[in-house]
Amino acid sequence: MTGMRLVMGNLFASLNTGVSGLHTAQSSLYTAAHNLSNATTPGHTRQQVMVTDYNYTTRQGVYGNLMQVGLGSNVAVIRQIRNTFLDAQYRVQVGRESFYDAQYKALSEIEDMFGEMEGEEFSKVMNEGLWKALSDLQENPDQIVFRSEMVAMASKFVDRANVIQTQLLEYQKNMNEEVIKQVNSINNIVSEIKHYNSLIHKFEATGERANDYRDARNLLLDELGSYINFDSVEEVDGSVSIFAEGRYLLETNVQFELTTAYESDESRLLKPVWDMGKEDFFQRGELSYSVEDNSDTGSLRGLLVARGTNLANYTHLPQRPMEKNFVDEDGNLDEAAYLQATIKYEEQVEEFNKLVQPSIVMTVQSQFDCLVHGIVTMINDTFCPNKEVTAKITQPDGTQVTKTIHILDTEKSGVGDDADETMGTEIFVRRNTPRYTKTNVTIINDDGTETTQEVYMYNEEDPSDPYTLYTIGQLEVNPELLRDPSKLPLNSNPLSGNADSFAWDLCEQMMSKWNEDFGTLDPNSKATYTYKNYYEGLVGQFAVQGNVWRDIVENQERTVYSVEQERQRIMGVSSDEELSDLIKFQQCFNASSRYITVVDEMIEHLITHL
């Protein structure tokens, strides 16, 4: 009787073994079918059933020996086939592609601005308009019609420069909308990831794997990688935490949102900041970037780098000091002054490379403004030459200080053809700062004697005060000359002894300077340009830089494609493989069914015949 019970117990245990085989085969069939149905679903990861042995029982054999009897098979887990290393690589490479794509798009926009502007290029206004007016004026300084033409061309030159600079500024401001859009997208993506964290946690608390939720979350992480560079870590409960720019964007189920704020009190450009505390999202205070620290990753940073932090002007572009400017009348070089200027220049270049050069918009703004400033000051300084003197200046508090100032050189300056023989009338004026202030100063002569006289003291340009600069936004043509072009100082100065004649040499000087070395486009380059070809060099750099960034974007596209192919080899669904698995698991299911049938027949035989 004991043997009978033992046999029946073994048979019923065998029946359970067959049933477990049915369950595992059925789960495998469902999983293979699920893979096939989602083969083209974006973000779907191939799933695989991991089958393990179920528990064993230890029993005594016929001869008293111990033996282990298996209780069948069991589904340990339905896992996703992914490679976290390739996931991280994919997100970095996508972010890098987005970064350089933002640069390339900004350059393309700027290139369009410097193309046809309302049917007329700026180069024509400069070289065929202003240059021709100077040439005509050189030949006919006595004719009012050519003086009027010079004033008209100067006005057109300023207008065209303002059009371009205004468009550059408007483009910068319009980028605010894209910054807001990307910040909102980041917040929304992180919020959705937080939502999936909650769903995954709840579902997996039952012991099941929330693979489809995980697929949706991974797809969001891939999308987030195109906006910013981040690190993610999966917590014990299955949720994902996101760490970006030194802080958590998402810590399990606590989200830290981003918002926007102005770059500074003076700038109307927006930047991303943490909503809590308003600290900058990007901790780097500079625009420079590198591959080594992955600071060239993400469309948000790419957008901010391309745009820059403020409106740039010529003061942002360091100009290499030239020896000829430190040579006195006797041909002696002031080596100490030249060395000091060189050291200061190198410091400015270092700052330029961090805060301006990485931004294509700010670089172009500073280069274009530098060209306009150079032409404007060259023409003004020719018509209204200054000289340097040492003088005692009375301060507003009544005290006197001795310093070097610039005053109008009344001996070399031309005068107008008006009745008053007006002197010191510049063509281009600053809207809020006159060129000279007429005042009494005590001049210290070379021999140490002092002379008090009334002078036209030049109001210097102060980089800290934009209203004092000959920069595009502050420029206009002198209203006095618009009303009366005869005041253009082209008549000979009576002090020169050439009364009733014209200052022919002034236009010759301007024509000569037009073709002299003016400066470099980039302080990191030694190539110099004249006024005439500086603009051509500025526009030419678009093609060079555009080719560089286009090649980088194309290379990144290939890299992203390559990494994605590697990911798909691991996580992608192969229809042939899944169909093969369906046949295999169907056979497993059939085998388990037949096994159960055989055990059932054995039990029936024992019950009915014994």
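1. F282 is buried, with a relative accessible area of 11% (buried means under 20% relative accessible area, with a 1.4 Å probe and protein chains only). The residue sits in the loop between β10 and α6. Beyond its neighbours within four places in sequence, F282 is in contact with E245, P272, L300, R301 and L304 (contact means heavy atoms within 4.5 Å). The C-alpha atoms of F282 and R301 are 8.1 Å apart, and the two residues are separated by 19 residues along the chain.

2. On the basis of these values: this is a predicted model, in which local features need pLDDT of at least 70 and side-chain atom pairs count only at pLDDT 80 or more, while totals for chains, interfaces and linings use all residues. Residues are numbered from 1 along each chain as its sequence is written, and side-chain values use heavy atoms, with hydrogens and water left out.

3. Helix α6 covers residues 299–307 and is mostly covered, with 9 of its 9 residues buried (helices are DSSP runs of H or I of at least four residues, strands are runs of E of at least two, and both are numbered from the N terminus). Among the buried residues of α6 are L300, R301 and L304. The buried residues of α6 pack against α2 (84–113), α4, α5 (211–227), β10 (270–274) and α8. Just after α6, G308 has a positive phi of about 85°.

4. Helices α4 (residues 144–204) and α8 (residues 360–383) pack at an angle of about 165°, with axes 11 Å apart (axes are lines fitted to C-alpha atoms, for helices over the stretch in contact, and angles run from 0 to 180 degrees between N-to-C directions). That makes α4 roughly antiparallel to α8 (the term applies to angles over 145 degrees). From α4, the residues in this contact include F157, I164, L168 and Y171, and those from α8 include V361, F368, V372 and I379. The residues of the contact of α4 with α8 divide into 15 nonpolar, 3 polar and 1 charged (Ala, Val, Leu, Ile, Met, Phe, Trp, Tyr, Cys and Pro count as nonpolar, Asp, Glu, Lys and Arg as charged, and the others, Gly among them, as polar).

5. Q47 lies in strand β1, residues 47–53, and is buried at a relative accessible area of 9%. Its side chain makes a polar contact with the side chain of D212 at 3.3 Å (a pair of N or O atoms within 3.5 Å; within protein, one must be able to donate a hydrogen and the other to accept it, and residues adjacent in sequence count only if both atoms are side-chain atoms). Not counting residues up to four places away in sequence, Q47 touches residues including H34, R79, N211 and D212.

Notes. Buried < 20%, exposed > 50% of the residue type's maximum accessible area, 1.4 Å probe, protein only. Parallel < 35°, antiparallel > 145°, perpendicular 65-115°, else oblique.
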